[in-house]
Amino acid sequence: MITIYTRTRLYDKAEDVICFLKEDEVVLNKENWLVVLNCYCQQGKLDDAELALRAMKEAGFSPCIVAYNTMITGYGRVSSMDQSERLLENLKETGLVPDETTYRSLIEGWGRIGNYEKAKFYYMELEKFGFKPNSSNLYTLIRLQAKHEDEVGAIRTINDMLMIGCQKSSILGIVLQAYEKADRLIKMSAVLEGPMYDHVLKNQTSCTILVTAYVKSSLIDNAMEVLRKKKWKDRVFEDNLYHLLICSCKDLGHLENAVKIFTCMLKSDKPNMNIFCTMIDVYSKMALFSEAEKLYTELKASDIKLDMIAFSVVIRMYVKSGSLKEACAVLEIMDGEKNIVPDVYLLRDILRIYQRCGMEDKLADLYYKVLRNGEIWDEEMYNCVINCCARALPVDELSRLFDEMLQRGFLPSTITFNVMLHVYGKSRLFEKAKGVFWMAKKRGLIDVISYNTLIAVYGKNKYLKNMSAAVTKMQFDGFSVSLEAYNCMLDAYGKQSEMDKFKSVLQRMKLSNCSSDRYTYNILINIYGEKGWIEEVANVLAELKEYGIGPDLCSYNTLIKAYGIAGMVEDAVALVKEMRENGIEPDRLTYTNLITALRKNDMFLEAVKWSLWMKQMGL
């Protein structure tokens, strides 16, 4: 029972049995004493083991080689090798001769504390007396040799492993583990020679294990050398191996190594879609978009049908490079494939692409198509759809979707709350907008954009008191009044001709050191121009140029309108020439404002000329 419990690591039960023996005053025989010793040594209770050994002697049993070996092993387990050496001397003094187990235990003990010289000495003693090491001894020795840079010794140990019949694949695993742990994998090529290296070159599995280890340690040249010299031929297996190695590099963030492996591959008439897609992703991560596009072009030129994952990789590559037009072209190709069903991740990517391209019809079509599929959405999908489709869907449908999201217990993101604020505000559903705002605030998801959105909604709809109250609340809640909020107030007060409040906002901006942007200057030009305050317009224009911002298309269009109102038609015409000189192409609004200015100032012939020019330009 003691032996069974000890072997199954039920040491408490084993010691209970020992207690029963003592309580019942059972006279122990030699075998009983040995199992008691083993029970204590296995647990590392060497003090109890010493007492048991002394009691064994007092009971008239001379310690045998088994007892000494058990004690030596026990001290080795707790790394107390001085005591193991003492027991070895005691063993010899009693006339006993160390056996195979003695030396094996000493090798393991010294190996456990990293003493290579002692472990090597007892290994040589083991061989000298004609004993054979066990696999654990050989692993211990290889581990120490790898750590202590003894490649000659490692080669000898590998040969010993072969001699005792160890499988070559097992030997490779043991040696790899030892050299990886010692961070000296680069020396593997020095210790793998003869039959072992030949085995690696012939066996697909062992070859894979070695080159994978090399690649993980960034020893790409070593890995490629093994693959060049391999003696097996299996194109499918080889492609899968290269794909595994490239994926390993990508996962580790070693992108340059992935490229190196890919360029070392043997060229094939037919590209491997998995490898090419992985490399497109790798090149995209490295911002080498031209290289990624070359691979996609090569895939298109082949007869290979791209799957959903391949399309996803290519689409993300174009999105990352900022080539949204090309991404849409790929989506068109994908739509033509009958068997391609986008997963939720690709669906979200498509929605974002259509949103960024302003393709509202596409967004609406995709939304209703997904809705008809009856799939259950998660929180991220609800957020994505609301954010992307806000301009494409009717307000009632967005409201229904938002309510459904809340009913299902999902939490809208700050962006989603802000989108719904904008949607309700734009539709003049102010009660719903306030409800969304307070809901977001209650959840701690209000940010400066939330306040900007609310202020803009009130301003555009001429609710100036509500706008002013929102600004006050913004400050009360610890947010500084943003430039966007100041711009909204300037635009709203200016368009309602509340010029005292308009000037007050400008003064507050200066006091708060809030720098104006081009949008601010465009608002000022527009408001002053509508009033016919051309001197103020000139001052704003001078300030705009002084700060190096320079007018944009919107600025020029607003200036042309302002000059028209002020009767400065020649200056308005001169602005069109200035625009072209500055590399800004006039648009339809530019010419419309100019023609309106000409007509307003009774210059009908000139107005007709510019109208004809617009038609010729196709505007």
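Me: A residue is called buried under 20% relative accessible area, exposed over 50%, and partly exposed in between (1.4 Å probe, protein chains only). What does Asp 281 count as at 22% relative accessibility?

Reply: Asp 281 counts as partly exposed. This is a predicted model, in which local features need pLDDT of at least 70 and side-chain atom pairs count only at pLDDT 80 or more, while totals for chains, interfaces and linings use all residues. Residues are numbered from 1 along each chain as its sequence is written, and side-chain values use heavy atoms, with hydrogens and water left out.

Me: How many salt bridges does the structure hold?

Reply: A salt bridge requires a side-chain nitrogen of Lys or Arg within 4 Å of a carboxyl oxygen of Asp or Glu. The structure holds 25 of them.

Me: Where do Lys 128 and Glu 125 lie?

Reply: Helices (H or I, at least four residues) are DSSP runs, numbered from the N terminus. Both residues lie in helix H8 (residues 116–128), three residues apart, about one turn of the helix. Lys 128 is exposed at 57%, whereas Glu 125 is buried at 15%.

Me: With which residue does Asp 281 form a salt bridge?

Reply: Its partner is Lys 250, the closest N and O atoms being 3.0 Å apart. Asp 281 belongs to helix H18 (residues 273–285) and Lys 250 to helix H16 (residues 235–252), so the pair ties together parts that are 31 residues apart in sequence. Lys 250 is partly exposed, with a relative accessible area of 22%.

Technical notes
Helices (H or I, at least four residues) and strands (E, at least two) are DSSP runs, numbered from the N terminus.
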